[in-house]
Amino acid sequence: MTYEYNSKIPNIDVSTLTEKQKFLLTENKTFCMYPWVHLHAYPTGATYPCCMAEHPESIGNAREHTLKELWNSDKMKELRVNMLNNKPNKACVRCYEQEANGFYDGRSSANRHHGHHIARTDETLPDGALERFEMTYWDIRFSNLCNLSCRSCGYIFSSSWYQDQVKLTGPEWANDNKPLILAGKTKTDMWEQLLPHIDYVEQIYFAGGEPLMMDEHYNILDELERRGKFNVRLIYNTNFTHTKLKDRTVFDYWKRFKSVAVGASLDAMGKRAEYIRKGTVWDEIERNRALMLEVCPDVDFYLSPTLSIMNALHLPEFHKDWVAKGFIRPSDLNINILQDRACFRIDIATPEYKQRIRTLYEEHLEWLKPLDNLNRATTGFTSAINYLMAKDNTALIPKFWKDTLELDKLRNENILDAIPELEALK
């Protein structure tokens, strides 16, 4: 089922709203529906209003408190009050930065897809508390289980990073940390807390770690199937290396649901892909995509690359290659701009390197615009140019090389063997 991206118009008849509700959804510059329908937990248990919320602005920890207790924590109540009064929040600076540069930000998405719950704002008490605890949107990172150790990631989101982390930080760190970490108090805690909300859930975002390796992911799909809730919208961010767990193949599930969107976090192709996202076997990725086209061709599949200094000059080539192979349409690319870690941002580039990126993207946009009926990929590349030019972070280039070469040594790799264009940044 094809899905239209980038529209900021709420999926609701605004003429039925009160003036206050209409203002919140269409004019308020800080309001976001997420604090009224959603909580997000990382594998560390740190809990936030959403996955975009800025660190360290957590509202608490799911290993110490239940989600219900965190729902009306002091920070959560303060956030709701601020949003209702059009007051900026420290937790939301990533969305503010994305929106300022033209990206389709999380706040816009929340208001578009969950705006039909705007009446919940009328139930909000003066101190920001909301007695109704019904999560219609789920995004819980159950664990850090992952088979890749990507350059822009780390131990918190990938169990495969553990050995590198031990080498980088020393044996004392290893004594206090295990490879696999869980968001809840036990292996099943998060699932048990989510289960009472399954009658309310409308949309689930699966990410990781690597969600297609997790029992929890398949348990949720099994329960939705058992209850016949095939109208729940499923959204994925997956490294696309695994498509089955034991005897359960994800393609067979996806065929049954009405709306499935799969964002493959593929930053590059070939040796660049295998360097940036260590553990990737590129031929397997392409075989998985070919099989998916046979089994469930109507599922909305798109590339969701993390745009960093490492793949900035390669992304257009990758985009065109997969279009030429018939794996995607020109519109099937949704750029995820890297904001953290700062030393990997595209805006660390020198003025000369920035101009190379800008020229390349402008040329790519000439090819893309007439073919991009969703304006999804076009918005991504256009916004990336804005983001690239907005700040001068060249002072972070030494940090980029320090961290990169340190990891290269541990992994017996050489970044310039995989990404030779980065020689220009030395």
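The model is a predicted one. An open sheet of eight strands runs through it in the order β3-β2-β1-β4-β6-β7-β10-β12, with mixed pairing. By the ring-centre rule used here, the count of aromatic pairs comes to 23.

**The sheet and the helix across it**

- The edges of the sheet are held by β3 (60-61) and β12 (300-303), each of which has a single partner strand, so that one side of each is left without a neighbour in the sheet.
- Strand β10, which comprises residues 260-264, pairs with β12 in the parallel sense over four bridges, and within this part of the sheet G263 stands opposite Y302 in β12.

**F206 and its surroundings**

- F206 has its place in strand β6 and, with a relative accessibility of 4%, counts as buried because the cut-off for that class is under 20%.
- The rings of F206 and Y236 have centres 5.1 Å apart and planes at 25°, so the pair is classed as stacked, the limit for that class being under 30 degrees.
- Since F206 belongs to strand β6 and Y236 to strand β7, the pair ties together parts that are 30 residues apart in sequence, and both F206 and Y236 are buried.
- When residues up to four places away in sequence are not counted, F206 touches P211, H217, I220, L221, L234, I235, Y236 and N237.
- The C-alpha atoms of F206 and V262 are separated by 9.5 Å, although these residues are 56 residues apart along the chain.

**Other aromatic rings**

- F251 and W254 form a tilted aromatic pair, with 5.7 Å from centre to centre and 50° between the planes.
- Both of these residues, F251 and W254, lie in helix α11 (residues 250-254), where they are three residues apart, about one turn of the helix.
- An α-helix has 3.6 residues a turn, so residues three or four places apart point the same way.
- F251 is buried, with a relative accessible area of 1%, and W254 also counts as buried, at 1% relative accessibility.
- One aromatic cluster is formed by F240, W282, F301, F318, W322 and F327.

**Charged side chains over rings**

- R411 lies over the face of W161, at 5.1 Å from the ring centre.
- K426 lies over the face of W401, at 5.2 Å from the ring centre.

**Helix α16**

- Helix α16 (residues 376-390) has 15 residues and reaches 21 Å from its first C-alpha to its last, which is close to the 21 Å expected at 1.5 Å a residue.
- This helix, α16, is mostly covered, with 11 of its 15 residues buried; the buried residues are R376, A377, T378, T379, G380, F381, S383, A384, I385, Y387 and L388.
- The elements that cover the buried residues of α16 include the helices α5 (93-100), α14 (315-324) and α15 (351-368), together with the strands β12, β13 (306-307) and β14 (336-337).

Definitions and conventions
Residues are numbered from 1 along each chain as its sequence is written. This is a predicted model: local features need pLDDT of at least 70, side-chain atom pairs count only at pLDDT 80 or more; totals for chains, interfaces and linings use all residues. Side-chain values use heavy atoms; hydrogens and water are left out. Two strands pair if DSSP finds at least two bridges between them. Helices (H or I, at least four residues) and strands (E, at least two) are DSSP runs, numbered from the N terminus. Rings of Phe, Tyr and Trp (its six-membered ring) pair if their centres lie within 6.5 Å; planes under 30 degrees apart count as stacked, over 60 as edge-to-face and the rest as tilted. Buried means under 20% relative accessible area, exposed over 50%, partly exposed in between (1.4 Å probe, protein chains only). A charge sits over a ring if NZ of Lys or CZ of Arg is within 6 Å of the ring centre and within 35 degrees of the ring normal. Contact means heavy atoms within 4.5 Å. The expected span of a helix is 1.5 Å times one less than its number of residues.
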